[in-house]
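Please keep the sequence and the 3D view open while going through them.

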Amino acid sequence: MGKALSWLLGGRRPLASHLLLAPAAGWLIVFLLVPAAGLALLSLAKNGAYGQVIWTFGLHNYRRAFDAKYLPVLLRTFAFAGGTTALCLLLGYPLAYYLSFRAGRWRNALLIGLMVPFWTSALVAFYSWMIILGKEGLLNAALLRFGFISAPIGILYTPFSVLLGLVYFYLPFTVLPLYASLEKVPRSVVEAAYDLGAGRWTAFLKVTLPLSLPGVMAGGLLTFVPCLGDFLTAELLGGPRFYLLGNLISNQFLMAQDWPFGAALTCLLLIGLIGGLWVYRRWEAEDA
Amino acid sequence: MNGESLLEVGPLTKSFGSTAVLKGVHLFVRKGEFMTFLGPSGCGKTTTLRIIAGFESPDSGRVRLSGIDVTDQPPYERDVHTVFQHYALFPHLDVAGNIAFGLRLQKVHEAEIARRTAEALALVKLLGFEKRRTTSLSGGQMQRVALARAIVGRPALLLLDEPLGALDLKLRKEMQLELKNLQKRLGIAFVYVTHDQEEALTMSDRIAVFNHGRVEQVGTPGEIYESPKTSFVADFIGGANIFSARVLPGPSGRARLLLEDEFELDVPLDPGETLPDAGKRVRVAIRPERVKVFYKDELPFGSLRFDATLKDSVFLGDACQIYLQLFKKAPERMMVASAGGDRYAAHDDLNVPVIAAVQPEDVYILEPDENA
C-alpha cells in the first residue's frame, strides 16, 4: 500500500501522476464533455412536428439563430449583462477596497457577511425579493407610509427589478476577485507613492487602481459571463414576457419542445464565452 | 541644539496596542549628515523612521524639519523621501517611469524630467535601463532604481530603511561605499536604519544606538566604539567582555575599581566622565581585541595584568577567540581575548597558565550595576 502510494505520489513517472488526475478527469469527461458533445450533435439535428428529434444533420438551427427576430433578445441580454457588470464593479470596488484597506479587525466578519447570499438558495433569495418588491410588498408599503407615492407602483416585473436581482446575486462574484487583487497590492508601494508626493486620490489613481486591474478584469468576467446565461432572475423577477438569452434557451427545452434549436443556441453561447475567455487570457499573458 | 540642525525629533513616544515601541526618543540630524539608527529588531529604529517620513504619527513628541513642525503633515507634504526595505518599486511602471513618478506629480516639464531621470540613472550607474521593467531587474539593480527614485526630487532628507538588507554580502559591501560616496556628492542628509553594526561603523558620520524604544547613545563611530556609555552599546557594537566592579575611594580624574571583587584596577576617567560614589557598583567593558595574552615565559606589555588560565580557543579564520578563566570566585565569568588567526589556533595549550594584559584606557566604565 505504502509502496503503491509513493509510486503514485513520486511524480517521476508521468503515467503515475496522471493517475492522480483520473478521478477529476473522469468526472469532467462523463458529466461535462460527453453531454457537451451530445449537445453539439443535437444542435445539428432536426426537430419533428411533435417535438421528437429527427437525426438528419445540418446547420439549419444555426441559420435560424441568426434570424433578426432574435436580435433584440441578444442585445437585451448583453445590455443587462453589461449593465450588471458595470454596476457590480461600481458598487463592488469601494466595498472590496474598504475590506482590504480599511476594515481591520472587522474584515473576516464582513467577508462572511458578503458570502451569505452565496449560501442562500437562489430560489429562496428571489422569492424574498418578490415579496419585497411586489404590489403589496415591503418596499411599496414603506413608500406609501412615508408619502413618497399615493398608490402602489409596479416595481416587480420591470427591467429595474431584473437588474436589481442580477446585481444582488452576482455582487459577491465581483467583489471576491477584486478583494483578492487589492490584497496583493503591496502596502509599501502605496506608501512609496505618498512618499513621492502623491495625495490619497492621486496615489489611488496612479498606483492602487492600475495594480488592481487584473482583479477588475477577473471580477468583471466572473459577473458578465454567468449573467449572459442567467434565466432564473429574468424568469422570477422579470415576469413572463421578459426575455433574456437564458430564457430563450430554457424555453426551447421546456416549452417549445425544440431541443435541437435550444442546443444550437447553447452552443453559440458557449462558443462566445470560450472566445471571450481566450481573449482575456491572451490579454493577461501579454500583461504579465 | 545646533544652527546646522535639519531635523529634530522628540521626545517621541509610540505604542502599538499595549506594546510601548518608543519611550522618549530624542535626537537631531545635521544638514548633509549621514546619521545611522542602529539597533536590534524591535528596538524602535524603524518606527522612528516611519514617524519622520509621516507614515506613523507619534503618541507624543514632535518632528521638526528645517525648524518647521511637520508632525501633523501627511507624508506627501514633507520634503523627505524614503528608500524602502524591499524597494517598493511600482511594478506597473518601467525604470524611467518609477524615477519620474514624483517629478510628474510636481508637473515638471517633460524635457526636464528626461534630463533629471538620466542624471539620476547615471548617479546609480543604470544608464540605458530606462525602458526596462522593474520586475526583470536583479536585487541590486532594483535597489539602485529605488535610490534614484528617492534622490531625483532632491529632498532635504533621505530616509533609508535597511536598504541593503536583501543583498548578498559582496554586493552589500560595494553598495555601502557607493551609498556613502553618493551621499557626500549630493550633500543630502541621510537617515539610515540598520541592525548591522559594521555597516553603521563604515558609513556613518554619527550613529544613534537604539535599544528597547530608547536612544542609548549618539556619537561618531569612533566615540561609539571607543567610549561606549552602556553595556548594551559596548556589547552590540564590536562586542565586549562585560564585568561588574566595585568603586573604591580614589583621586579625582581616576577610578579605582575592584573587578569582580578580585582584581584592583586603576583606570583614567575621560574628561567630564563621572563615577558613582565609593562602595557602589558599576559595569565595566573590555574589548576582546584589546586583551593581549602572553605565556608565562613571554614578556607581557600592558600595565594591567591578570593571572589567567587558557580554557578554550576558537579559530575564526582571520582571528582566534581565546577564553580565559580569571576569577576564582566566578570561574564561569570568562574573559574573551581576540588574537591573530596564527596564534593559539591549536588546542594543545588548554589549561596552561597565561597572563592577560590590558591598557588602563581600554577599560570602559559603563552604567551603574543595578543587579549587585
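1. The place to begin is where the two chains meet: 15 residues of chain A are in contact with 18 residues of chain B. Please bear in mind throughout that this is a predicted model. On the side of chain A that touches chain B, α9 (187-195) and α10 (200-229) each supply at least two residues, and the largest share, six residues, comes from α9(A). Sorted by class, this side of chain A has nine nonpolar, four polar and two charged residues.

2. Chain B itself is divided by the domain assignment into domain 1 (5-234) and domain 2 (240-368), and the C-alpha centres of these two domains of chain B lie 39 Å apart. Their contact takes six residues from domain 1 of chain B and eight residues from domain 2 of chain B. On the domain 1 side of that contact in chain B, the classes are two nonpolar, three polar and one charged residues.

3. Which residues of the largest nonpolar core touch the most other members? This core has 152 residues, and those that touch the most other members are B:Ile52, B:Val191, B:Val209, B:Val284, B:Leu324 and B:Ala356.

4. When its neighbours within four places in sequence are left aside, B:Ile52 is in contact with B:Leu7, B:Val9, B:Val63, B:Val80, B:Leu159 and B:Val191.

5. Helix α5 of chain B (residues 169-186) has 18 residues, and from its first C-alpha to its last it reaches 25 Å, which is close to the 26 Å expected at 1.5 Å a residue. In α5(B), the residues B:Met175, B:Leu179 and B:Gln183 are buried. Seen down the axis of α5(B), the buried residues fall within an arc of 70°, and they therefore line one face of the helix. B:Lys170, B:Leu177, B:Asn181, B:Lys184 and B:Arg185, by contrast, are exposed on the other side of α5(B).

6. Against what do the buried residues of α5(B) pack? Their partners are β3 (34-38), α4 (139-151), β8 (189-194) and α6 (197-203), which belong to chain B. Just after α5(B), B:Gly187 takes a positive phi of about 70°.

Key:
Residues numbered from 1 in each chain as written. Chains lettered and ligands numbered in written order. Predicted model: local features only at pLDDT ≥ 70, side-chain atom pairs only at ≥ 80, totals over all residues. Core = buried A, V, L, I, M, F, W, Y, C linked by C-beta atoms within 7 Å. Buried ≥ 20, exposed ≤ 12 C-beta atoms within 10 Å, placed from the backbone. Contact = placed C-beta atoms within 7 Å. Helix = DSSP H or I, 4+ residues; strand = E, 2+ residues; numbered from the N terminus. Expected span 1.5 Å × (residues − 1). Arc of directions from axis to C-beta. Nonpolar A, V, L, I, M, F, W, Y, C, P; charged D, E, K, R; others polar. Domains from an automatic or database assignment.
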